[in-house]
Amino acid sequence: MGLDLLKEKGVPLDRQKFTWKDLTRRTYSKLDDDAFTRVRVILMNGIESESLRFSHACARMNRDLREPLALIRRVEQHQQTLVNWMNPGNQSPLETTVGFEQVAIEVTASVAIHEPDPYLAQAYRFGMLEDFDHLYRYAALYDRVEGKDPNYLIQSYSDIIPGRPTSIEHRHPLDDVRQPYDRRTADPLSKIHALLITAAEHQTHDYYMNIGPTFTDPVARMLYAEIASIEEQHVTQYESLSDPDESWLEKWLLHEAVEVYCYYSCLHYESNPRIKEVWQRFVDYELGHLHYVRGLFEQVEKRDASEILPAELPEPIRFDSHREFVRRTLSAEVDMSANGTRFVPRAEESDRTRRYREEINSEGSPSEIVAAGYQWKPGTELVEKAARLGVQTEGRIQ
Amino acid sequence: MERKASELGLNRTGIKTSPVNSKEAIEASMKAVPSSPGDASAIAQVRVEFASEVDGLGSVPPPVGLKGMAKTAVDMLKGGRTTVFIDKLGERAGFERTGVRLYEAVLSKLDVFGTWEGGPSREQLERIRLEELSHFALVTRAIEQLGGDPTALTPAAELASNLSMGVPRTLVDPQVNLLQCLEGLLIVELTDNASWELLVDLARELGHEALADEFQLALDAEEEHLALVRDWLDAGTMLEARVGQEAAGAPA
């Protein structure tokens with residue numbers, strides 16, 4: 001606590017340097033590091049990925065901002081590289097996927113708990129239960145196709161059980177667009193939350209779209225296709241929570257604030273010293289960006305940045321297990337759906353959503369196929385089958 | 001045997017597919033000068049640099065309890081050779097478990113493509129699948145006896161999994177037929193045999209005679225698996241070659 005966004009200047013832009021070796025030399029250990037180190041690395045890749053996505057869109061629509069955007073964007077590009085390349089090469093795409101869903105569960109849970117606006121908090125709980133189910137489906141895939149234990153990655157922080165079943169998460173696009181916060185009255189934390197969860201989900205969508213077709217197993221390919229579709233729904237939901245009437249510069253300023261906040265949260269929790277050093281360095285870099293963009297904002301819009309930014313950073317994202325919160329939410333809200341911008345009981349879904357779902361599931365449901373009868377056990381579901389089989393003293397089955 | 005592995009067709013990957021374009025491409029390449037001097041050994045320098053600076057894959061977890069396993073646990077805490085044993089047992093546990101899934105994948109291929117004279121039967125594949133499962137149970141029990149955590153991913157398990165990653169990936173590919181799957185099983189069974197041999201030796205070296213005897217029986221079963229896979233592959237490949245000759249009107 002105590003980081004004053006408006007006073008801290010961070011590292012100036014012209015002192016933010018990288019080399020190829022610097023960008024690629026650090027990885028965490030898939031075996032020895034805490035699962036939340038992977039969670040943080042994946043989240044921050046998403047945050048940086050969003051910063052580039054936003055910056056390019058902004059540059060295409062704002063003649064005067066093209067050069068300042070290009071300057072900061074190059075640094076963000078290299079920050080994203082450094083962060084994403086901390087994922088070790090011996091971590092398979094499916095293993096990273098399990099990490100993505102753990103991010104979606106635990107980070108969204110933390111956000112849902114701290115979100116001051118009840119409607120927005122409901123949106124986060126709603127999406128969280130869907131991602132929670134994705135973890136279970138991918139866990140089944142990992143266990144059943146590769147014979148490996150998803151808990152290698154999860155480390156018992158999150159439950160591996162069904163959430164809102166993926167097969168019924170499919171909704172008509174018009175039932176995924178939500179009510180935005182009002183930029184004039186919303187709590188700065190609400191603005192930060194909406195942006196950071198959008199960033200996390202957007203990278204998840206993009207990741208699944210990239211790696212899905214690299215799988216050879218037809219069930220895996222179908223499962224990635226199915227869950228990528230839900231991630232697109234989630235991006236639609238989460239991005240619609242931000243006020244579309246914020247100016248481009250206002251949005252840029254918020255992006256930079258989100259980056260400072262997220263790196264600051266990572267720094268607060270990190271247990272790997274080599275990676276902690278990166279979070280500290282990037283808190284300082286992002287403060288530099290924030291300071292730079294604040295100058296632009298005040299110069300161009302003639303407004304005070306303190307209208308937009310919180311004076312002090314909010315409590316950090318809680319990188320820890322939210323098991324009890326998730327279970328409570330699951331038990332109370334698993335049967336919810338959405339109709340237009342409202343969250344409703346399943347019985348009140350729109351006809352368009354029912355028709356849409358019926359059609360897309362009409363040739364079967366990959367998420368149901370992959371997890372048919374699946375119950376995760378420590379050491380994979382084969383442990384129980386092996387125990388039933390018994391160890392044959394002859395070393396072979398009679 | 002449906003869908004042969006070696007059909008004749010329009011393969012475009014060779015340089016001789018496009019005589020005109022390839023001539024131009026070759027000429028352009030010959031005229032151009034490399035952007036920097038040196039050769040492929042520059043890559044080795046980077047590998048050396050990184051390998052000397054980064055950490056390894058990870059560690060073997062400490063024993064989970066001392067009760068009833070005092071000797072092993074104390075050995076492990078002292079960093080004794082038992083750590084190697086637990087590491088290698090973890091490797092076998094992971095490998096056998098994946099092996100179960102591999103035979104499941106191959107059984108699906110049998111459903112689609114059928115078998116051939118001298119090829120695998122459903123009964124044989126299912127029996128091997130169960131034996132892999134039984135070996136997984138055997139190793140799991142051994143790890144527990146030694147005070148280890150059989151659900152942990154040890155560095156040797158991680159290494160073996162990454163080295164053989166192409167096998168599961170290939171066996172579940174719908175484009176790959178049953179005979180082609182056997183090439184994957186051959187890699188797996190060869191490795192499995194060598195690894196069980198090592199494990200038997202290691203168990204004896206460390207004074208775990210009873211375990212070594214059990215592992216020897218598993219090795220015997222694995223030797224049979226290997227012999228079977230070799231025979232199936234042999235018969236299938238010869239059959240394809242013969243069918244090819246007949247189709248081309250070659251003399252018998």
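This report describes salt bridges, helix packing and selected residues in a predicted model.

## Chain B in outline

Chain B contains nine helices and zero strands. Read from the N terminus, its elements follow the order α-α-α-α-α-α-α-α-α.

Of the 252 residues in chain B, 42% are buried. Among the contacts in chain B with a separation of 6 or more, 80% are between residues 24 or more positions apart.

## Salt bridges

Across all chains, the structure has 53 salt bridges. One of them joins the side chains of A:Lys30 and B:Glu158, with an N to O distance of 2.7 Å. This pair links two chains, because A:Lys30 belongs to the loop between helix H1 (20-24) and helix H2 (35-61) of chain A, while B:Glu158 belongs to helix H6 (residues 155-163) of chain B. A:Lys30 is buried, at 3% relative accessibility, and B:Glu158 is also buried, at 1% relative accessibility.

Two further salt bridges are each formed within one chain. In chain A, A:Arg303 pairs with A:Glu301, and their closest N and O atoms are 2.8 Å apart. A:Arg303 has a relative accessible area of 22% and is therefore partly exposed; A:Glu301 is likewise partly exposed, at 22% relative accessibility. In chain B, the salt bridge between B:Asp213 and B:Arg204 has its closest N and O atoms 3.2 Å apart. B:Asp213 is partly exposed, with a relative accessible area of 43%, and B:Arg204 is partly exposed at 33% relative accessibility.

## A salt-bridge network

Salt bridges also connect residues into a network, whose members are A:Asp143, A:Arg144 and A:Glu381 from chain A together with B:Arg101, B:Glu104 and B:Arg129 from chain B. Side chains of opposite charge can pair when their charged atoms come close.

## Packing of H7(A) against H8(A)

Two packed helices are described by the angle between their axes and the distance between the axes. For helix H7 (residues 188-211) and helix H8 (residues 218-239) of chain A, the angle is about 155° and the axes are 8 Å apart. Because angles over 145 degrees count as roughly antiparallel, H7(A) is roughly antiparallel to H8(A). The crossing of H7(A) with H8(A) is left-handed.

On the H7(A) side, the contact is made by A:Ala194, A:Ile197, A:Thr198, A:Glu201, A:His202, A:Thr204, A:His205, A:Tyr208, A:Met209 and A:Ile211. H8(A) contributes A:Tyr224, A:Ile227, A:Ala228, A:Glu231, A:Glu232, A:His234, A:Val235, A:Tyr238 and A:Glu239. By class, the contact between H7(A) and H8(A) comprises 10 nonpolar, five polar and four charged residues.

## Packing of H4(A) against H7(A)

H7(A) also packs with H4(A): the two axes come within 11 Å and cross at roughly 165°. H4(A) and H7(A) are therefore roughly antiparallel to each other, and their crossing is left-handed.

The residues of H4(A) in this contact include A:Pro93, A:Thr96, A:Thr97, A:Phe100, A:Glu101, A:Ala104 and A:Val111. The contact of H4(A) with H7(A) is made up of 11 nonpolar, seven polar and two charged residues.

## A:Glu95 in helix H4

A:Glu95 lies in helix H4 (residues 93-114) of chain A. This residue is buried, with a relative accessible area of 3%. Leaving aside residues up to four places away in sequence, A:Glu95 touches A:Lys30, A:Asn90, A:Tyr142 and A:Leu153. Among these neighbours, A:Lys30 is the residue that forms the salt bridge with B:Glu158.

## A:Val344 in strand E2

A:Val344 is part of strand E2 (residues 342-345) of chain A. A:Val344 has a relative accessible area of 1% and is buried. Its contacts, not counting residues up to four places away in sequence, are with A:Asp335, A:Met336, A:Ser337, A:Ala338, A:Asn339 and A:Glu349.

A:Val344 and A:Val111 are separated by 233 residues in sequence, and their C-alpha atoms are 21 Å apart in space.

Definitions and conventions
Residues numbered from 1 in each chain as written. Chains lettered and ligands numbered in written order. Predicted model: local features only at pLDDT ≥ 70, side-chain atom pairs only at ≥ 80, totals over all residues. Heavy atoms only, no water. Helix = DSSP H or I, 4+ residues; strand = E, 2+ residues; numbered from the N terminus. Buried < 20%, exposed > 50% of the residue type's maximum accessible area, 1.4 Å probe, protein only. Contact = heavy atoms within 4.5 Å. Salt bridge = Lys/Arg side-chain N within 4 Å of Asp/Glu carboxyl O. Axes fitted to C-alpha atoms, helices over the stretch in contact; angles between N-to-C directions. Parallel < 35°, antiparallel > 145°, perpendicular 65-115°, else oblique. Left-handed = near helix turned anticlockwise from the far one by under 90°. Nonpolar A, V, L, I, M, F, W, Y, C, P; charged D, E, K, R; others polar.
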